[in-house]
Amino acid sequence: MREGYRKWAPYFLVAVLGACIGGGLVLGYGGSMLGKDKTRPAGDKITLSQGKATAQLSEARNTPLVRAAQAVGPAVVGITNKAYARDYFNRKVLVDKGVGSGVIFDAKGYIATNNHVVEGAQELSVSLSDGRVVTGRVVGTDPVTDLAVVKVDESNLPVAVLGDSDSLMVGEPAMAIGNPLGLEFKGSVTVGVISALNRSIEIGERKFKLIQTDAAINPGNSGGALVNADGVLIGINSAKISAEGVEGIGLAIPINSARPILESLIEKGRVVRAYIGIGILDKASAANYGYRLDLEQGVYVARVQQNGPAGRAGIREGDIILKIGGADVNSVADLRSAVDAQTVGGKVDVVIQRKNKQMTTSVQLEEMPQQ
């Protein structure tokens, strides 16, 4: 027995010493490694909450854009346009026509979006940032500016703060928030800069001043938020120029232009615009009808509603309109913009040319008749 003890004693002693040394190393180094992650920035703090590690953002990570996304992101919603269709068995069923975005801008549940997002909808489904899906209804639309207002009957809603788009500077950061390609990517944030201001785009017979940005805007972003680094809403995303070889040209309706339209849609369900009561041609529109206009400036009056504002002011067919309210008028879009800038019921000076003679007449504008 003693022979066996003496035989195994050296090995037993080595094992005990090894265990002591190994345990000391684990306590000395392993404990410090468990107590502090040396790869994490010093400003971050780690806490354990129900078994999950949560980090407090460092100053380096908590940028103005992060705060802007947190401020406006919850107010951005998904809007699903639903309409009736016939299935294989000729039954009437409700189907999704498309998905767009919207921004809650009033605590009463008013949501700004694009007209083309809600156009033709028989039912609207609104997906809120907290996961709720509620029914929305169209309060009013304005196809001219592609704006619309949707209402949801919910309380305690997050609301985006409206900023001042007139104070924007080219080159400052801009962020687009919306639902590109549908609700699978809802609340997506893309970042760029303000590329240009007052970008003039002619759509139909009207000219629009839009914000240009290179923040990625994709189908489904329509009606979503364009946000600056202060975390306020500066525009409603409206379109992306899609052409071969073109990247990073997105357009948004400035919030200062959208604000009175949204207010009018809430109050009246439509936008009230001034009306002058004439039909005009410029060089481009005349060419479309097979005519050639030899005009250095101005637009040609092709038709006058005799009992309308222009007719009562003495404007005749064949006159050339040069200015409205001090603004030069050289195209149909110019005239529409000049008249839209006026107040219904107010008077505006119109400079015309008749047989090589210029004259000024005062026109009292009326409300544009409902189509």
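Predicted model: local features only at pLDDT ≥ 70, side-chain atom pairs only at ≥ 80, totals over all residues.
Which residues have the most contacts inside the largest nonpolar core? They are Ile79, Ile111 and Val126, in a core of 41 residues.

**Nonpolar cores**
- Val126 is in contact with Ile111 and, beyond its neighbours within four places in sequence, also with Val77, Gly78, Arg132, Val133, Val134, Gly136, Val150 and Val152.
- Another core lies apart from the largest one and has 21 residues, including Ile278, Ala310, Ile324 and Val350.
- In soluble globular proteins, nonpolar side chains tend to be buried together.

**Helix α4**
- Helix α4 comprises the 14 residues 255-268.
- At 1.5 Å a residue, α4 should span 20 Å, which agrees with the 19 Å between its end C-alpha atoms.
- The buried residues of α4 are Ile255, Ala258, Ile261, Leu262, Ser264 and Leu265.

**Loop residues with positive phi**
- Asn156 is not a glycine, yet its phi is positive, at about 55°.
- The loop between β8 (147-152) and β9 (173-178) holds Asn156.
- Asn156 counts as exposed because its relative accessibility is 75%, where the cut-off for exposed is over 50%.
- Lys355, likewise a residue other than glycine, has a positive phi near 50°.
- Lys355 is found in the loop between β20 (347-354) and β21 (357-364).
- With a relative accessible area of 79%, Lys355 is exposed.

Technical notes: Residues numbered from 1 in each chain as written. Heavy atoms only, no water. Helix = DSSP H or I, 4+ residues; strand = E, 2+ residues; numbered from the N terminus. Buried < 20%, exposed > 50% of the residue type's maximum accessible area, 1.4 Å probe, protein only. Core = buried A, V, L, I, M, F, W, Y, C linked by side-chain atoms within 4.5 Å. Contact = heavy atoms within 4.5 Å. Expected span 1.5 Å × (residues − 1).
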